[in-house]
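Visitor: Could you help me learn how to read salt bridges and burial in a protein model?

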Amino acid sequence: MRVLVYSDDAGTREQVRQAIGRRPAADVPLVEIVECATQPKVLQLLDSGTVDVAVLDGETQPAGGMGVSKQAKDEVYDCPPILLLVARRDDRWLANWSRADAVVSQPLEPIALADAVAGLMRQRAATRLNAK
């Protein structure tokens with residue numbers, strides 16, 4: 001499965017990549033991670049239908065992950081599940097507004113992030129199987 005990681009911070013993208021690893025759980029497929037740092041590229045990749053799960057950094061500038069998530073959920077046909085990285089637990093209400101499917105607070109805890117991504121991978125696999 002392809003996992004998109006969006007952040008303008010290379011360190012954050014590296015943390016996410018390391019937390020997910022090649023397979024975030026034993027019962028999910030191997031992961032191919034695609035990184036990007038710009039909103040237009042995120043929307044292009046999501047619109048292409050080649051992304052299965054997206055991890056968006058809410059603190060990315062100038063277009064934060066929350067706004068990108070809301071736009072993607074409103075505009076992308078068959079938008080994949082989105083996990084938002086938020087700076088504060090209190091930002092969860094904004095994540096709800098953005099229609100994110102999961103939220104993980106920073107500082108990132110690798111096990112929590114891997115579990116959340118694996119859950120979204122399962123969700124995507126189930127919806128893809130039902131659609132066929």
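Visitor: Does arginine 124 count as buried or exposed?

Guide: A residue is called buried under 20% relative accessible area, exposed over 50% and partly exposed in between, using a 1.4 Å probe and protein chains only. Arginine 124 has 2% relative accessibility, so it counts as buried. This is a predicted model, in which local features need pLDDT of at least 70 and side-chain atom pairs count only at pLDDT 80 or more, while totals for chains, interfaces and linings use all residues. Residues are numbered from 1 along each chain as its sequence is written, and side-chain values use heavy atoms, with hydrogens and water left out.

Visitor: With which residue does arginine 124 form a salt bridge?

Guide: Side chains of opposite charge can pair when their charged atoms come close. A salt bridge here is a side-chain nitrogen of Lys or Arg within 4 Å of a carboxyl oxygen of Asp or Glu. Arginine 124 forms one with aspartate 78, and their closest N and O atoms are 3.4 Å apart. Because arginine 124 lies in helix H5 (residues 110-131) and aspartate 78 in the loop between H3 and strand E4 (82-86), the pair ties together parts that are 46 residues apart in sequence; helices (H or I, at least four residues) and strands (E, at least two) are DSSP runs, numbered from the N terminus. Aspartate 78, at 42% relative accessibility, counts as partly exposed.

Visitor: How many salt bridges does a search of the whole structure find?

Guide: The search finds nine. Among them, lysine 73 and aspartate 101 meet at 2.7 Å, N to O. Lysine 73 counts as buried at 16% relative accessibility, whereas aspartate 101, at 33%, counts as partly exposed.
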